[in-house]
Structures are given as structure tokens and as C-alpha cells.
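Hello,

Here is the structure I promised to pass on to you. Please have it open beside this message as you read.

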Amino acid sequence: MAKSPSGWSAGWGIKKRACDRANGNIGGLMDWDEFSNRPVWEYELKLEPSELKLGHFVRKMNRPWQETDFPLQGVLVDSLEIKRWFQEHCSWVIVDLDRSPNKYRPARYRAPQPSGNGEAEDSHAIQILRRSPINQLTLTRAINEYQRLDRQAEELIKQIELSGPMDVPTAARTVDHVAEAMEENPAALVWLTRIKRQDRYTAQHCINVAILCMGLAVGLEWSRKEIREVGLAGLLHDLGKVKVDGEILRKPGRLTVTEFNEVKEHCRYGYEMLLEDELVSRNVAEAVLCHHEQPDGKGYPQGLTGAAIPPMARLVAVVDAYDAITSNRSYDPARSHHEALGILWKRRGAQFDTHTVESLIRFMGWVTPGTLVVLNTGQLAVVLESPSQRGLRPLVALLTRNGEDWELGLSVDLDSEESKQSTRPLGIEQVLPDGHQGIDIGKLSEQMAAARAGP
Ligand SMILES: [Fe+2]
């Protein structure tokens, strides 16, 4: 935490003590706001600019407003550009939570919880999806990054099909932007991975694998460099398929042994293509080479076992399988999120790395944002947020039919339904596969981003 500069004005004395608390110097002082009759630290946070979140309202910083281009004294951080400005020009800022759509506060500002209530688990990075909200602000930002990644994936596929040079640096920069958005709010990006359009399977699979790889890496507290590397490996994992005969890849029926051996070569082809590019790290190339290796040694191309498989390859393998299982493919219909987790769980230790499977399950949760569900009334709904303390009783939005399309209806907190004195509280009956009855998460996302939603 940056040190407070000297020269606080007299009027800021009360705030100074609030900031001492932020620095851990609580020292028995209780700063009281006489107007709203509550402690100041309940609504003001002193943060380093790197701690700012989208949706925070900055009401003060360590330089006069007159020295900035901001027209008013106070600014809403609604883009990463604004956050970057604060990072480049300030050593600390004061956030006013009362005026912030995003009420996020760092752990040091949260009231201590009694032990044994799951707080340790809730605050763990792997639970990050349960703590990040889906609303107009976060979804709009996520859609921008998703579309940028989408264009990049299409461009790469085109370059590959034309056997032209691949623009890996641009792909890497795009992944960097998505990684930044992922660290800000993973739930909105993970929600967008539920978009499954069969006609765009190849591009969408690459995008989804890249996003989910980065999300899981954030949950596992990998370094920023590793998060970006695994995102790029996820985006490029099947790159080598460009050198495999298209007839074989498109063949609807069972492959012959010779044909399957040819398909298996895509790992090595991709690895060799990436090795030629000096801007691609060895970690990324090795993850691409080893993404079909299995802990039991029955994978390919080298038949590696257990710890000999690079960690990044183990992560790509699990996420690749998860997204493929939950997508409609020519030879296999989409399975639900639950079914996919069940399949991965059964094959843990043999086909997939046990720790990575367990981590994916804890990261995504049993009802992850964007999951389609049927309630016990027969109504269809989509999961908005699923804080871990609510278990299987997330916040959902009811879906209503409008002609051919579906629209987001009322939001229902299934947790509060549970506490109602009802013999049959509203609850989830069944989890559905993505794209069920033509429900398009992409369209629903645009609806939600266009509407004014609460924090
Ligand atoms: Fe592959």
C-alpha cells in the first residue's frame, strides 16, 4: 500500500483515520460519519490504483483534480483505460462505495467472519466465479473482449486455411487483453463461453478453451505470465490440424487406424509450427504438443505419464474436453454442464489429471453462470450468479418465449425462495445442455448488456 503523502487538509482528518484503518493501523480509532451515522470505512476505501475494479467510483486521489482531464471531481472507473490512467498517475485513490455500482472491497476491508462458516474456502481464488457479479457493466466489458478474441480466432483460422503466415503476436496481444478482463471479472467471460453455435464450432471452441484456461489459471493463482501463456496455448491447441487431411477431419463415421494415426499427428505439427515462431514461449509450444497426453500413459504423441506431462498441457487437456463435451458436434450432441463434470470426474487419474479435474469442478461450481436450468415449476431459467454459500440455490433469470426468440424475464433468488414457508420452494429440477431449445446465450447477453441492470 502506498504511503499517505503529508499535507492532508484539515477537512480530511476524519478520512485520514479511515485510511489508517485501510493500512491496518486501526489502533482503536473509530472514524464516524456524523451525517450518515456510521463508520467512514464502511463506504470509503483507500486503494492502490492497481486494486481498482470496473464500477468503482474514485472520489479522491493524491493529486488535484485540476491537474487531470476529468471534468468533474470524481470519476467512475468504467473502462480499463481509466484504470490505467490512475495506475500511471497516482499512488493511491479513495473509492466511494456508496457511489460505486461495483461494491467490491479487498479482504482487509471485510468484517472478520467467525471460523467454521466456509469463509476460508469462499475467499480462496478458486471460488472467484462466485464472487464476481454479472451485470450490465461487467457483461458489456466482457462482450467487447470476447468479440475481439472472436475476430482474432476467425483471422487465425483464415490464415491457417490459406497456409499464410500466422499473426501470433496479434493473437498474443488479444489474449493479454482478455486476461486483463479475466482478472477483473471472470464470471462475465465464463458466462460468454456458454455461447455455442454449431456452425462456428471451430472458432468458438478455440475461444472458449482460451477463456476457460485463463479463468482456471486465475483460480489456481498462476502467475500473470502463466495465465497469458495458457490462454495462448488454449487458443492455438489444435493449430496443427491445418496439416491434417481435411477429408479425414470432416469424416462423419469411424476413422481407420491409419486415419486416426494421422489425426494424432496434429499435436506434433502444431508444436513444430510454434517452435518456428521465436515470439512463442516454449511453455506454449509444449502445452500444444502434450494436450492429448494422459496420466495413465495411453495418450499421444509420446505416451507420457503423470508428472511428466507439463502442467499447462494437463490444464488445456481438461478444459478442451469440457468444452467439447458441452458442445454440439457432428458425432455427439451437447451434454449438460453436470454431465460433462461427471465424465471428467470418472476419467480422473486415467485420462485426465486428478488435481486439474477437481480444480475445474471447484472453479466452475455445480451451477455456473450461464447454465440453463429447468425449475421445479417447469419454467426455464439461466443462472446469473451462484455465491458458494448458496449451494445449489443461485440467482437465476426466468426465460420467456417471444416468438422464435427467448428473453430474460424476472430474476429470482432461489436462496430466498428456500427460506419461504412453502411446502415446495422454487428450486432447480434439471440442468440443461447449452443451446437447449435454441436458447442463445449470445443474444441474452446482448439483451442484458443493453438493459440498465443493477450492481
Ligand atoms: Fe487436439
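Predicted model: local features only at pLDDT ≥ 70, side-chain atom pairs only at ≥ 80, totals over all residues.

Residues are numbered from 1 along each chain as its sequence is written, and side-chain values use heavy atoms, with hydrogens and water left out.**The chain as a whole**

The chain has 18 helices and 11 strands; these are DSSP runs numbered from the N terminus, with at least four residues of H or I for a helix and at least two of E for a strand. Of its 455 residues, 52% are buried (under 20% relative accessible area, with exposed meaning over 50% and partly exposed in between, for a 1.4 Å probe and protein chains only). Taking contacts (heavy atoms within 4.5 Å) between residues at least 6 apart in sequence, 65% join residues at least 24 apart.

**The four-stranded sheet**

S3 is joined to S6 by four bridges in the antiparallel sense, and Lys46 stands opposite Ile94 in S6. What covers S3? Both of its faces are covered: Glu44 and Lys46 on one side, and Leu45 and Leu47 on the other, are all buried.

**A loop residue**

Tyr104 lies in the loop between S6 (93-96) and helix H3 (119-122). Its relative accessible area is 29%, so Tyr104 is partly exposed. Lys53 is 51 residues from Tyr104 in sequence, and their C-alpha atoms are 7.5 Å apart.

**Two helix pairs**

The axes of H5 (residues 136-161) and H6 (residues 168-184) come within 10 Å and cross at roughly 160°. Axes here are lines fitted to C-alpha atoms, for helices over the stretch in contact, and angles run from 0 to 180 degrees between N-to-C directions. H5 and H6 are therefore roughly antiparallel (over 145 degrees; under 35 is roughly parallel, 65 to 115 roughly perpendicular and the rest oblique). The crossing is left-handed, that is, the near helix is turned anticlockwise from the far one by less than a right angle, whereas clockwise would be right-handed. Among the residues that meet are Arg141, Glu145 and Arg148 in H5 and Thr170, His177 and Glu180 in H6. By class, this contact has five nonpolar, four polar and four charged residues (Ala, Val, Leu, Ile, Met, Phe, Trp, Tyr, Cys and Pro count as nonpolar, Asp, Glu, Lys and Arg as charged, and the others, Gly among them, as polar).

H14 (residues 311-325) and H16 (residues 354-364) pack at about 55°, with axes 10 Å apart, which makes H14 oblique to H16. H14 passes H16 in a right-handed crossing. Arg314, Leu315, Val318, Val319 and Tyr322 in H14 meet Thr356, Val357, Leu360 and Met364 in H16, a contact of seven nonpolar, one polar and one charged residues.

**The five-stranded sheet**

Another open sheet has five strands in the order S10-S9-S8-S7-S11, again with antiparallel pairing. S10 (405-413) and S11 (428-432) are the edge strands, and neighbouring strands are turned by 40° against each other on average, direction ignored. S9 (residues 395-402) runs antiparallel to S10, with seven bridges between them; Asn402 has Asp405 in S10 as its bridge partner. Helix H18 (residues 441-450) packs on this sheet, touching S7 (372-375), S8 (380-385), S9 and S10, and its direction makes about 65° with that of S10.

Best wishes

Definitions and conventions. Pairing = 2+ DSSP bridges.
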